[in-house]
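Hello,

Here is the structure I promised to pass on. Please open it first, then read my notes below.

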Amino acid sequence: MNKRLQNKQQNDAAIMQAAITLFAQKGMETTTIGDIVATSGLARGTFYNYYKSKAEIWDKLVNQLITRVNDTLKTQRQGAKTAYEFVYSAFIGYAQVLLQPLVLPLIIKNQAAFRNSLFASNSLRSIYKDLENDLKNAPFFQQLAPQQYRMISYAMVGSGLEVMIQLFDQKEELTVEEAGRFFTELFLGGIANLKQID
């Protein structure tokens with residue numbers, strides 16, 4: 001890799017890391033471009049060589065996160081041998097992405113902006129569609145109607161995110177594995193069949 005390209009990547013990474021840190025601590029709305037520039041250690045002009053606004057950085061962050069989630073979920077679901085493994089491993093993979101440093105604090109501090117970006121994104125539609133297709137193609141979910149696959153994909157993605165946000169934000173004394181078992185048992189058996197968590 002040539003020096004110029006390497007320098008460009010380092011500058012972009014410095015800007016992105018500064019933005020993630022500040023958005024997680026202060027929130028996107030109260031973070032200024034000046035804050036990002038100061039935290040990154042770069043000049044203001046350098047910032048504008050990469051981004052026009054903090055909203056452009058925000059959109060890039062959200063799209064990168066959605067892409068990581070979708071890639072992880074697809075990988076986790078492909079190895080499943082049972083319905084339980086399909087749901088549980090997907091939840092655990094989802095959780096692992098969300099538990100990466102600053103991801104949940106970033107989402108929690110910016111919930112309205114995150115949800116707006118999330119629902120405006122074509123990437124989220126891709127997560128729903130991929131999950132719907134994987135449900136249809138899995139041998140253990142053949143009994144569902146076409147509309148049910150779609151509704152289940154919406155419910156799994158939305159509730160998985162909400163479970164992780166609340167576990168983190170409310171400082172619940174529940175491990176990710178326990179949350180994964182709860183989530184899996186809820187989706188596969190319904191409320192009537194849930195086991196008590198010890």
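The largest cavity has a volume of about 120 Å³. A cavity is a set of points, on a 1 Å grid over the protein atoms alone, where a 1.4 Å probe fits but cannot get out. Grid points are joined across faces, edges and corners, and the volume is the space filled by probe spheres set on the points.

This is a predicted model: local features need pLDDT of at least 70, side-chain atom pairs count only at pLDDT 80 or more, and totals for chains, interfaces and linings use all residues. Residues are numbered from 1 along each chain as its sequence is written, and side-chain values use heavy atoms, with hydrogens and water left out.

What lines the largest cavity? The lining is L73, R77, F86, V87, A90, F91, Y94, L131, M156, V157 and F183. Lining residues have an atom within 4 Å of a point. Helix 5 gives the most, with 5 residues. Helices here are DSSP runs (H or I, at least four residues), numbered from the N terminus. By class, this lining has 10 nonpolar, no polar and 1 charged. Nonpolar covers Ala, Val, Leu, Ile, Met, Phe, Trp, Tyr, Cys and Pro; Asp, Glu, Lys and Arg are charged; the others, Gly among them, are polar.

The count is 2 cavities of 30 Å³ or more. Helix 4 gives the most to it, with 3 residues. Y94 and V157 are among its lining residues.

Now helix 8, residues 122-137. The end C-alpha atoms are 22 Å apart, which agrees. Its buried residues are L124, I127, Y128, D130, L131, E132 and L135. Buried means under 20% relative accessible area, with a 1.4 Å probe and protein chains only. Helix 4, helix 5, helix 7 and helix 9 are among what covers them.

Last, the largest nonpolar core has 59 residues. Such a core is a set of buried Ala, Val, Leu, Ile, Met, Phe, Trp, Tyr and Cys residues joined through side-chain atoms within 4.5 Å. F23, I36, I57 and F141 have the most contacts inside it. Helix 5 supplies its largest share, 11 residues.

Best wishes

Terms used: Helices (H or I, at least four residues) and strands (E, at least two) are DSSP runs, numbered from the N terminus. The expected span of a helix is 1.5 Å times one less than its number of residues. Buried means under 20% relative accessible area, exposed over 50%, partly exposed in between (1.4 Å probe, protein chains only). Contact means heavy atoms within 4.5 Å. On a 1 Å grid over the protein atoms alone, a cavity is a set of points where a 1.4 Å probe fits but cannot get out, and a pocket is an open set with protein on both sides within 12 Å along at least five of seven lines; lining residues have an atom within 4 Å of a point.
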